Amino acid sequence: MEHSSGPPFVTYRFVDMTNERRKPYPFDEIEPRWQRTWAQRQTFRVPNPGDPGFDASRPKYYILDMFPYPSGSGLHVGHPEGYTATDIIARYKRMNGFNVLHPMGWDAFGLPAEQYAIKTGQHPRLTTQQNINRFREQLQRIGFNYDWSREVNTTDPGYVKWTQWIFRLLYTSWLDPKLNQARPIAEFVAENPQATRAQIDNVRLAYVADAPVNWCPGLGTVLANEEVIDGRSEVGGFPVERRPMRQWMLRITAYAERLINELDGLDWPDSIKLSQRNWIGKSEGARVAFQISDFRFQNGEPANIEVFTTRPDTLFGATYMVLSPEHPLVDRITAVDANDAIAAYRTSVASKSDLERTDLAKEKTGVFTGAYAINPVNGERIPIWIADYVLMGYGTGAIMAVPAHDERDWAFANQFGLPIRHVVADVSAATAGDAPCHLPPLECTTDEGYAVNSDFLNGLTTPEAKKKIATWLEERVLGARTINYKLRDWLFSRQRYWGEPFPIVWQDGHHDAVPESELPVNLPELDDFKPTGTPEPPLAKSTDWVRYSETAKRELNTMPQWAGSSWYYLRFCDPRNGERFVSVDAERYWMTGSLPATFEVRNPKSEFPTGGVDLYVGGTEHAVLHLLYARFWHKVLFDRGYVSTPEPFQRLVNQGLILGEDGQKMSKSRGNVVNPEDVIHEFGADSLRLFEMFMGPLQDTKPWSTAGVQGVHRFLSRVWRLVMVEDQEGRWSLSSAVQDIEPSPTQRKVEHATIKAVTIDIEEMRFNTAISAMMIFVNEFTTAATRPVSALRTLLVLLNPFAPHLSEELWSVLAGKFGATPGLVAEHVWPKWDEQWLIEDEVEIVLQVAGKVRDRIRIKKDLPNADVEALALAAPKIAGALGGKVPRKIIVVPNKLVNVVP
């Protein structure tokens with residue numbers, strides 16, 4: 001299609017659509033052309049400090065989307081919702097004078113690509129790149145203002161190098177408990193010259209441990225808990241079993257307290273903060289040692305089972321113990337005649353997820369080990385059981401069971417006929433002392449109250465009893481006050497091919513990091529990506545790659561997909577840097593707004609924002625893990641002096657789901673997926689963008705509506721017709737109604753009211769109401785005989801973040817005729833409203849006769865009463881009601897009403 005833009009006409013080649021609906025405006029010509037123009041002019045490229053064109057006087061604004069995994073199915077209309085919101089904000093901030101960083105990239109490692117490679121024999125790098133190319137093309141068709149010069153791909157060697165570098169930093173760091181911050185492991189060694197290799201390895205932030213994991217033989221890899229559904233893998237539906245394996249772990253638990261406390265300074269939804277706090281699961285209580293009866297280790301030392309409890313005041317009510325089936329002591333303490341039952345039970349629970357095991361509603365199961373422990377407060381021998389509702393991943397993997405005051409223990413005790421002793425009573429039973437507690441029938445009570453049946457604790461309130469028993473335990477070295485977290489260390493190994501190799505080699509049973517000069521450690525080229533059928537990862541098949549030297553071998557596991565997504569926001573700041581993961585200047589500018597000469601490290605407790613990214617938008621599915629992992633990595637980098645803020649993301653906004661037209665979540669199986677390319681083909685990208693923002697508040701879940709797309713498309717067509725007119729041959733030209741004249745007072749008022757409404761609504765991310773304000777503008781000006789070009793230009797600037805293609809086209813048409821506005825509308829300054837045009841100088845007053853409303857008229861505000869009376873009496877309906885009579889009295893309430901009394 002051809003386009004010419006000589007003033008005063010703009011013509012478009014007419015297309016006779018025999019089998020296609022006639023388009024109300026030529027979006028199919030306009031949109032690809034402006035996308036090419038933006039790309040050629042690099043309109044949205046933003047320079048870094050030190051680059052040509054960088055303007056240090058401008059404030060910075062870093063706006064970020066949660067970058068996508070580029071699947072083979074491409075985008076559906078739910079994906080662009082958050083991207084459109086950030087696009088609007090980025091354009092708006094740029095027009096307000098900010099240096100705006102708005103990048104895009106790809107979270108490209110992952111299990112789906114590996115599974116596809118196994119199925120087809122095609123290398124995952126090839127299919128990943130094909131998917132990326134498709135995603136990029138789709139995003140560019142929607143007109144997003146990304147700085148594509150900063151595009152990153154987590155699978156690129158240049159990116160992998162720095163992911164491995166950060167892992168290496170974790171490996172060579174430890175958390176100093178006195179300073180509560182990470183320090184180089186070399187400093188630990190210098191301060192502890194007698195430390196053994198095992199002691200050194202035991203404090204590293206990246207370490208090796210045998211951990212119970214979700215092993216999936218079908219996929220040949222370890223899965224995270226959230227990747228297991230009902231005992232089967234989320235991908236492929238293969239059976240999953242729990243088994244101990246040697247794994248790389250990251251010591252995220254060392255940062256648990258900071259991960260909780262430093263949420264306070266972030267502008268995040270309260271629900272997300274709560275999710276993070278609940279996941280970390282801080283609880284205060286005591287650790288208590290229960291000696292195993294009639295059992296000692298080979299060296300003669302007595303064996304203890306350590307438990308953590310938030311209710312040490314209930315120790316006198318502990319009538320049995322329960323170990324997790326995976327607890328390492330199970331094999332050692334189990335009686336011979338219980339071995340078969342224990343083994344069978346452990347096999348039966350190996351395929352259960354943690355959620356299944358801890359379900360309150362399910363029937364409790366377990367097996368008695370034949371062993372007993374000694375309750376330290378009263379010397380009672382209590383039986384030791386194993387049961388699946390106790391998890392090795394929480395606490396110590398062992399509990400003291402107090403069935404009268406814990407619902408799971410209550411159900412278990414009733415299932416197996418175990419003793420139940422009530423040790424907490426309400427106020428009325430506070431003086432019960434050692435007398436039996438009368439609560440027929442006995443029920444489980446979890447509330448706080450007063451200690452009973454508890455010897456020296458009797459009569460104390462629960463808080464008092466907690467303090468006294470903790471002191472008693474500490475004095476006798478039987479326990480201690482402690483804080484526990486539900487959060488477990490981050491299991492960081494995967495038995496997969498398509499992931500970042502660890503920069504680690506093994507020699508003589510010890511691990512060491514490869515020299516920094518050897519990064520990146522690239523994946524070997526493999527033709528066979530299938531699992532080995534054993535826990536040995538696929539990388540074992542590349543024997544030459546595995547052999548690091550004559551005596552050393554490479555680590556065979558790879559990192560999880562979380563690795564690349566835990567720091568990508570930093571790489572966007574400086575994506576082509578080969579010497580550093582991000583330069584000092586780029587990191588400080590984009591994360592703090594300052595340059596090194598003016599930079600001061602922000603204190604997490606200061607009044608200033610603590611996070612670097614100004615706005616982070618994504619789905620709630622990443623409410624916990626991704627955000628938690630990124631915060632952990634960032635804090636280590638902050639401690640080691642590589643970043644300038646203690647948090648990565650200052651403001652977080654979650655967009656809601658877009659459902660299918662049937663109100664169900666979009667999925668291929670339901671057949672309700674809407675392809676954005678189909679919408680663009682029929683209505684244009686601007687209509688897609690506008691409708692996704694007009695559906696309702698960004699955070700809400702909303703159903704898709706094709707009729708709704710048609711509605712906003714009609715609105716854009718009306719905007720087009722404010723400026724353009726079509727002749728009988730289908731050619732468009734500038735409307736003669738558009739003139740270089742001053743707006744009328746009414747038009748000026750509408751113009752400034754729209755500027756104010758759209759500005760405030762964008763700032764508050766109320767995009768749907770911003771669109772409504774522009775619709776009011778269009779309604780007002782559509783009926784005008786003449787349309788001032790200055791007011792239309794204001795509309796186009798306001799509309800540009802929402803419908804960039806249409807606004808750019810009309811902007812260029814007006815420039816062709818009226819001049820005075822060189823450049824793109826995207827580069828124009830955002831307009832400001834003038835309050836003087838918003839002052840109401842007229843009011844509507846009610847006209848009454850004998851207290852009955854007869855009419856309403858508009859008059860100038862604050863008119864003298866005499867003038868108001870004259871206008872009222874001149875009103876035809878009032879004159880008619882009076883019938884020529886002279887009123888006895890006229891009551892005027894200024895600016896509100898006139899009551900004429902006949």
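Reader: Of the contacts in the protein chain with a separation of 6 or more, what percentage is accounted for by residues 24 or more positions apart?
Author: The contacts considered here are those between residues with a separation of 6 or more, and the share asked for belongs to residues 24 or more positions apart. In the predicted model, that share is 72%.

Reader: Is Q164 buried or exposed?
Author: Q164 lies in helix 5, which spans residues 157-171, and, leaving aside its neighbours within four places in sequence, Q164 is in contact with P501, P503, L519, P520, V521 and M559. Its relative accessible area is 0%, and since buried means under 20%, Q164 is buried.

Reader: Is G509 buried or exposed, and where is its place in the chain?
Author: G509 and L526 are 17 residues apart in sequence and 27 Å apart in space, C-alpha to C-alpha. The relative accessible area of G509 is 61%, and because exposed means over 50%, G509 counts as exposed. Its place is in the loop between strand 24 (504-507) and strand 25 (510-513).

Reader: How are helix 24 and helix 25 oriented to each other, roughly parallel or roughly antiparallel?
Author: Two packed helices are described by the angle between their axes and the distance between the axes. For helix 24 (residues 767-782) and helix 25 (residues 789-799), the axes come within 11 Å and cross at roughly 155°. Angles over 145 degrees count as roughly antiparallel, and therefore helix 24 and helix 25 are roughly antiparallel.

Reader: Which class of residues makes the contact of helix 24 with helix 25?
Author: Helix 24 passes helix 25 in a left-handed crossing. The contact is made by M774, F777, V778 and F781 on the side of helix 24, and by A791, L795, L798 and L799 on the side of helix 25. By class, this contact has no polar and no charged residues, and 8 that are nonpolar.

Reader: What kind of aromatic pair do Y61 and F98 form?
Author: Y61 lies in strand 3 (residues 60-65) and F98 in the loop between helix 2 (80-95) and strand 4 (99-101), so the pair ties together parts that are 37 residues apart in sequence. Y61 counts as buried, at 11% relative accessibility. The ring centres are 6.0 Å apart, with 80° between the planes, and the pair is edge-to-face.

Reader: What kind of pair do the rings of W174 and F188 form?
Author: W174 in strand 7 (residues 173-176) and F188 in helix 6 (residues 185-191) are 14 residues apart, and their pair links distant parts of the chain. W174 is buried, with a relative accessible area of 6%, and F188 counts as buried at 10%. The centres of the two rings are 4.9 Å apart and their planes lie at 65°, so the pair is edge-to-face.

Reader: Which residues do ring pairs link into a cluster?
Author: The count of aromatic pairs in the model comes to 54. The cluster linked by ring pairs consists of F167, Y171, W248, Y255, W490, F492, F502, W506, W562, Y629, F632 and W633.

Notes: Residues are numbered from 1 along each chain as its sequence is written. This is a predicted model: local features need pLDDT of at least 70, side-chain atom pairs count only at pLDDT 80 or more; totals for chains, interfaces and linings use all residues. Side-chain values use heavy atoms; hydrogens and water are left out. Helices (H or I, at least four residues) and strands (E, at least two) are DSSP runs, numbered from the N terminus. Buried means under 20% relative accessible area, exposed over 50%, partly exposed in between (1.4 Å probe, protein chains only). Contact means heavy atoms within 4.5 Å. Axes are lines fitted to C-alpha atoms, for helices over the stretch in contact, and angles run from 0 to 180 degrees between N-to-C directions. Angles under 35 degrees count as roughly parallel, over 145 as roughly antiparallel, 65 to 115 as roughly perpendicular and the rest as oblique. A crossing is left-handed if the near helix is turned anticlockwise from the far one by less than a right angle, and right-handed if clockwise. Ala, Val, Leu, Ile, Met, Phe, Trp, Tyr, Cys and Pro count as nonpolar, Asp, Glu, Lys and Arg as charged, and the others, Gly among them, as polar. Rings of Phe, Tyr and Trp (its six-membered ring) pair if their centres lie within 6.5 Å; planes under 30 degrees apart count as stacked, over 60 as edge-to-face and the rest as tilted.
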